Amino acid sequence: MLNYILRRLGAGLLLLAVVTAVTFWIFYVLPKWAGVTPRGMAAMYVGKAPTPEALDATVERLGLDQPVIVQFFDFIRSLVFGDQFQFGRETVECAAPCLGYSFTTNSPVLEQLLARLPITVSLALGAAVIWLIGGVAVGVLSAVKRGSVFDRLAMGTALVGVSLPIYFTGLLALAFIVHEWKVLPVPRYAPLTENPGAWFTAMLLPWITLAFLHAAQYARQTRAGMLEVLSEDYIRTARAKGLSERKVIFKHALRPALTPILTIFGLDLGLVLGGAILTEKVFSLKGVGAYAIDAIIGKDLPVVLGVTLLGAVFIVVCNLVVDLLYPLVDPRVRIAG
Amino acid sequence: MRKRTLGFVALGAAASIFLAACGSGDSGENGGSDAAAAFDAGSTGVVNPSEETGGTLRYAISSDFDSTDPGDTYYGFSWNFTRYYARTLLAFTPAPAEASTELTTDLAAGMPEPNDDFTQWTVKIQEGLKYEDGTEITAQDIKYAIARSNYNGGELPNGPRYFESSLDQEPFNVYESSDPMEEFTAIETPDDYTLVFNLKESFSEFPYVLTQPQTAPVPEEADRGALYKENVLSSGPYKFEGQYEPGVKLDLVRNENWDGATDPIRPALPDEVTVEIGVAQEEIDQRIVNGELDVDLSGVGVGPTMKSQFLQDLESYETNLDNPLSGALRYVNIHTPNLETACRQAIAFAADRDSLHRAWGGDTGGDLATNLLPPTIPGSDPESDLYPSEDNKGDLEAAQDKLDECGESDGFKTVIAVRDGRPNDLATAESLQESLKRVNIELEIKTFPAEDFFAQYAGSQDYVRENNIGLSVSGWIPDWASGYGFGYKITSGDAIQATGNYNTSELDDQEVNALWDEALTTEDPDERAEIYAQIDTLVIEQAAILPVVFDRAMFYRSDELTNVYYTSSYAMYDYMALGVNRG
Amino acid sequence: MAPTEPVVRVDDLRVTFPTMDGDVQAVNGLSFEVPAGGALGIVGESGSGKSVTSLALMGLHRGSRARITGAIEVAGQDVVSATDRQLRAMRGNDIAMVFQDPMQSLHPQYTIGNQLVEAHRVHHPKTSKAQARNHAVGALDRVGIPDPANRINSYPHEFSGGMRQRVVIAMGLMCDPKVLLADEPTTALDVTVQARILDLLDELRRDLGMALILVSHDLAVVAGSVDEVVVMRHGVAVERGDVRTVLSAPEHPYTQALLAAVPRVEVSRAQRRAQDRSDRLDKEKREGTVTDPAKFEAFTPAPAGGEPLLKVEDVAQSFKVRGGVLGRSTDFWAVNGVSFDLYKGETLGIVGESGSGKSTLSRMIMRLLEPTRGRVVFEGQDITHMSERALRPLRRDVQMVFQNPYSSLNPRVTVGDAVGTALRVQGERDTKKIKLQVQELLERVGLQPNHYNRFPHAFSGGQRQRIAIARALILKPKLIICDEPVSALDVSTQDQVLRLLSELQDDFGLTYIFVAHDLAVVRQVSDRVAVMRKGEVVELGDSDAIYENPQSDYTRQLLTAAPLLDPDEARSQRAEREALRAEAARTA
Amino acid sequence: MSAPSHAPESAEQPEAAAAAAKVPGGRGDADSRSLRQIAWQRLRKDKVAMVSGVIVVLLILAAIFAPLLAKWLGQPPTQFNQDLIEPNTGLPYADPNNTEPVGGLIPEVDNWGGISGDHLLGLEPKTGRDLFSRIVYGAQISLLVAFLSTLLCVALGTLLGIIAGYKGGWVDTVISRAMDIFLAFPLMLFAIALVGVIPNGFIGLEGNGLRIAVIVFIIGFFNWPYIARIVRGQTLSLREREFVEAARSLGASNRHILFKEILPNLITPILVYSTLLIPTNILFEAALSFLGVGINPPTPSWGKMLSEAVAHYSTAPYFIIFPGLAIFVTVLAFNLFGDGLRDAFDPKTSD
């Protein structure tokens, strides 16, 4: 068991390493191919009328001239052991896990990430709850009432759901619900701790928009799963015992039907926690996703690395948790060390 | 050049898609078109004059400061705003419209004295001025502030480099030097209240440079390099409350150690000043109209959505609207390395200026431009037009002749570079693409990230040559309202840089360059204006720059704001004057 | 027990399924009765509608699209007209069902205790969990689950197939139903296990006075356990009556054919062969194409001694099995130290239960697996560790017929290609020639040339197996390994395939290795027999000898377990089994 | 996604099915329809699928013949119609012939996009370009990118999936790990980054050619695991089928087994999942354009049109609706068709 967790964490670390490496490759190696000189890169971070001296100084300060591999391991090192940064004549300690300082705002990346995390987390968790409950409920009902009007309706809607891009539904929601009909105020995020009401009203639309998409997928998958399970022999056995239909469905069919959903949920939640870029964009929530986009456009490497890492971490953790939960749900699965 | 929002609001543009149309400043010249005049009070006079203090003045911005450190900022709004906590040697006169471009003193006791060839300037500062912590402000602090902001090896990258380029000083780095004050010889401080600036060359407009925030005092021991912006040591009427949180907020409260009597430009009416950072443009506009906010810090005016709402329901809003010139020229660089003069002129002739003007939002979007210098600048002649055509639809015959002249009778192909997230820039390019088709000049539009547009693409000599970039859409705002403050960086051969090049068309014309030098040794502003007019004509003649519009911004003036007026020197409301009255 | 008034009465039952290709009459006018405590066998091949009937008895057709007419009455409850509530009250309480596949019929995610208790409390909501639990332990004990008090907390996957079937039965017993309905309860199980389950059912029935309905495709299975039998075909009961009379003196030709087709352990290889040949002669006489018996090759197996066609020396195969605590993998010996010689023209039967390693062995000889140890010598050539490439020419001489005709034919490949591939692989390029050859062969194995372009899914199991045989034959091999070639087929089809095999042996002088779990089948086709258990040969010798007087206990066990057609013998054999078990219990 | 389990028909067929299939042991007249033919007959019975299929075809045709359509309507997608646009608001005049200011500053504008005979879906704000022809042209990019990237996904996914499934062992482990890693990549971020970074003339490509190539590469290169997983799973189960052993016992080479025996059985699921992958990729491309890293202007692309619409979304919602609908309809059509296809091929669905 422990052994297993360790191995999984090992795999997780590997994954993080790879993601980081690729990010590095994209931002350092590719531009070099593109013929961007270290100075060219530095030019991005040294304001608008850079003198050659200033450029070189920056190249030096950001270590842009060093081989990628060196920069990579510097990053890893400061991540693990922390690091020191020089500002003017002042030296600043950056404790592990140190993600360094933003190239463009000079603010500590980790701090910035943590500052934005609550927004993304509220978004992700809220939406997740909605889509999981909603999706599964609808899926089960459709499966049970297979072929009924409800089933057709629900599945129709679900298909519509998976076919609607967030940035369309989101915009429509804003255009009509907020601006045309003024049902809701212009969404403005407020921390749950400070103003739950505002927090809720601000999050409502994003939640629904984001959840709708996933809920649709989950409904479809749950339905398929239920139908498969309902055709199993042990369901027949359950009926042969004389169990009531609801008991057959909710005790015998639901559990096996949901086990695969669990896996998918893990992955999805992990992804969304890493930043729901489009949703955050559309509703201009200053979450991790939006932060990431800005960073990428500003070529703010430490931030980009921070964000991608965070995203990967979420994915790894969520998957691990799911896999650890699995044996509890399905006794056949034993965690072989 | 002060890029103001032109250069950088794009950060925001990228950040919040609802800002996509930002920078589309819009207009109504003081008086402007008759239609506009009705609602333009704030552009020409003071609205709700008041002495009343108190209250909280609420700013919001969709992007962010480039930095709150006076030594490290180049945004117009930031130069306007930092004055709350950073007093400079000189300042612009606190008065509406053109009057504001007159210089006056701030820290200085009197206007600076030049020697006869304008290579040495001496200025005295008032005695007994204090920082927020009560310690006294000395000339040395100002000297150090200038040193750190110009000689820092990229530690403070954002600010302009006028001192570095004009002072007679060996390059050095304050942060590596053992004794920077010793090493920094170009500025002498004979006593605690006197500064002597030694320049390389004559610089008749040097006083303008002394209005820049870089002249705000910073005690050497208070300097924290790039981190100084987190909490700037205030010399003005307000000081930081807590830290500045990038992308989140900045709060200011009164600085008890500031003495109003010493300060000619700051009534300092509100008790507190707050800035919400990173709010979507849409939301800002809406909340200002709802009275939940007071001012859009970025000073580019409302977004297109709100604007068209205003325009369609003018009755309800007009008394709250101002529509002044933003002071910016929107133009297209025609790159000299890739296109010969005649070919460039062909483009100038073929361009459908009317279409471009419409693309920029018609009359409220800006005034159709035919010359280089914005109307607010001495020497500007908006009437001049070297490429006239009926209804400004373009003169195709003339264009064809020019094409023949440069040996491209069948037209040619080239690339036009545009910044991402700038619908108006894009519309400009697309409109041009359409109109040039008429003479078989084929434009391929390529968009680039706004952030490194000048650093790596249109502003990189190599890139421009390798990728046959013939045109690029740009915009410009004067660092100060003079021909030099506007035009030098974008037209002087001496200003050309390998990367981050703002003379993007790489115009290197002996005549033009000579005229710039001459201007710097000319004392009389009117004579200088003469010279600038000549430069204007030459540049347009060379067709290195295709002017599009002098754009206008549309501001919503909240009723709760007092002392509101538009200052040409920053091309937005004078933030120092503003007060609030919630009554 | 004297038949009293019936607990189950079925009258003119008709079940129809609407499908995309029109309605299908699964059951067509079926009638029967089962007296309290009586036992009825329903026998029929696949498609006879027997399972549909049993589902209908439970009212489990509801929710499906099946349409039902006629009358079903269980313990006085009219199933057809009953409300769902009434049905539920009946299910598990008056009539309990045991399903075919014990692996599938228990819920994998709940402990068996949970499922048993549930079964009880549905119908006795008042009983406390604890009581129900005791009851469950009792039931488990009753069906012979060792240490029930603890095992009750185990999950299904922790039981073997036989044990699971016992659990399912125990679940059936939870409410002491009047009727126990067992649908193919032993089809998925080994002979010995099958015997035990049947014994158990019989015992329960007698002790608890339940009526038993035993549904099976195998006459021999029901023979020993029921008083009355219904023989079904295409949804119709062709014959019905006392089991003895039906089995001894069947009236309906289908029943007769069926009986004739059932292989009997007591029939020897020689008898069977003689029988087949004479039948064939008659047939050919009728068709006027006489083959002179003298022409039959391998009339008698080549005399022992001589150079064996195949020499297997102490071969062994081990697999790594993951598992155990930190997933340390251990060696599992699927086959361990098997040796035998095989002479041209003879047939070696390999018999054993699942997991005995018989399939592994045949795959090693086939060299689909590389033996971990030992040697395989074919015609004096050591092929134990030969490379695929080197083997290719040899593939001509050794071929294989697989167990499951449904998975041994590629659904995406036409019959023609499936058979022709062999030629192509062996380097034949002339497509015309291939087609011709294939079609000839198809005809030979009793199919039609125009099947050449069809896809396997269009054929019945028997036909598919014929195709598979054709595929094996096309290269004119010397040795064919038949791995359970008939176990997936209905009896009648099975018989036809067996005949085909022996005919082909006669015509081409083939040598067979015939792997099967069915003792009767093996005896009838094999000159010699090897009995395997847990990877080892427990007994090897002349088939008659082995069947007449087996040396090893295991062989004896197998033989006593083999289901018999004659009800009386079957019963006496059951007694024998119980004796053996009792003895084992004492000695243990 | 769960692979459409190709019923490994158990020896004991469910009797109803067996009966339905044909008379048991029905000699001779065995029905000769291939599974594909059966599927096709089922598909034809599925109205929804057929309708969506038709829509898909129409879309493809529209994309291919966009130039003709535009010519026929006389509205090239890049042609400005500023005479129809009120410049200050950038919105179309309510009545182009009456441009007299009302209520103060500007003439009345049409917030519903100046839909008219020659402009079926109205005009783009500011430039006045014809929305209909822009949307039709937009289909070109969307579909092109979607198809190419799907092709790449399928190619990579099938190859790696089949290898992983067939070879097993460490090869399988490596490839499967790779899949996990790929799925954990912040795809959207990388896409944006890459598009921004890849130099012009990278692989001899320029401008839009390059953009398309890059986007296709990104989508294809990062989404292959979805196909690969399915293929791997299928291969794993197929590998165990006896017909593979049969082939080997005939002396068939690995190549023969992979391509002649296993691959044919994979084509159906691959086909089905490709059809279901296309819409996903359409959405992805649109998202990229929406975030501003799509195709270069003035080439129309749905996502870009949406992001431009953002600036007007409260005054001119029509400008959101049409490109949005275009995406929606296309994706929906593909999804419906894909579902239909899957059901048709899935032996388990008998109704």
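Predicted model: local features only at pLDDT ≥ 70, side-chain atom pairs only at ≥ 80, totals over all residues.

Q: How many bridges join E4(B) to strand E5?

A: Two bridges, with E4(B) and strand E5 (residues 120-124) of chain B running antiparallel. To put residues on it, B:Glu113 has B:Thr122 in E5(B) as its bridge partner.

Q: OK, staying in chain B: is strand E17 mostly covered or uncovered?

A: Mostly covered. Strand E17 runs over residues 469-476 of chain B, and eight of its eight residues are buried.

Q: What does E17(B) pair with in the antiparallel sense?

A: Strand E13 (residues 325-334) of chain B, over six bridges. On that side, B:Val332 has B:Val473 in E17(B) as its bridge partner.

Q: And in the parallel sense? Which strand is that?

A: That's strand E15 (residues 413-419) of chain B, which pairs with E17(B) over three bridges. There, the bridge partner of B:Ile416 in E17(B) is B:Leu471.

Q: Zooming out, how many helices and strands does chain B have?

A: The secondary structure of chain B comes to 21 helices and 23 strands. The radius of gyration of chain B is 23 Å, close to the 25 Å from the globule rule for 583 residues, so chain B is as compact as a globular protein of that length.

Q: What does chain B span along its principal axes?

A: The C-alpha trace spans about 70 × 55 × 40 Å. In chain B, 66% of the 583 residues count as buried. If you take the contacts in chain B with a separation of 6 or more, 75% of them are between residues 24 or more positions apart.

Q: Switching topic: which chains share the most contacts?

A: Chains C and D, out of the five pairs of chains in contact.

Q: What about chain B and chain C, how far apart are their closest C-alpha atoms?

A: They lie 49 Å apart, and no contact joins chain B and chain C.

Q: Tell me about chain D, then. What's in its secondary structure?

A: Twelve helices and two strands. Along the sequence the pattern of chain D reads α-α-α-α-β-β-α-α-α-α-α-α-α-α. Buried residues make up 56% of its 351 residues.

Q: What domains is chain D divided into?

A: Domain 1 (52-75 + 132-345) and domain 2 (80-128). The centres of domain 1 of chain D and domain 2 of chain D, taken over C-alpha atoms, are separated by 38 Å.

Q: How many residues are in contact between those two domains of chain D?

A: Eleven residues of domain 1 of chain D are in contact with eleven residues of domain 2 of chain D. On the domain 1 side, helix H5 (131-167) and helix H12 (318-345) of chain D each supply at least two residues. That side divides into six nonpolar, four polar and one charged.

Q: Where does chain A come in? How many residues of chain D are in contact with chain A?

A: 34 residues of chain D are in contact with 35 residues of chain A. Several helices of chain D each supply at least two residues to that side, including helix H6 (169-184) and helix H10 (254-290).

Q: Which helix gives the most?

A: H12(D), with eight residues on the side of chain D that touches chain A. The residues on that side divide into 29 nonpolar, four polar and one charged.

Q: Last one: what does UniProt list for "transmembrane region" in chain A?

A: The unreviewed entry lists residues 12-30, 119-141, 153-178, 198-216, 257-278 and 303-326 of chain A. In the model, residues 12-30 of chain A are 100% helix and 0% strand, with the end C-alpha atoms 26 Å apart. Residues 153-178 of chain A are 92% helix and 0% strand, and their end C-alpha atoms lie 27 Å apart. UniProt also places "domain: ABC transmembrane type-1" (unreviewed entry) at residues 117-326 of chain A, a span that is 82% helix and 0% strand.

Terms used:
Residues numbered from 1 in each chain as written. Chains lettered and ligands numbered in written order. Contact = placed C-beta atoms within 7 Å. UniProt positions renumbered as here; feature names shortened; annotations may be inferred. Helix = DSSP H or I, 4+ residues; strand = E, 2+ residues; numbered from the N terminus. Domains from an automatic or database assignment. Nonpolar A, V, L, I, M, F, W, Y, C, P; charged D, E, K, R; others polar. Rg over C-alpha atoms; globule rule 2.2 N^0.38 Å. Buried ≥ 20, exposed ≤ 12 C-beta atoms within 10 Å, placed from the backbone. Pairing = 2+ DSSP bridges.
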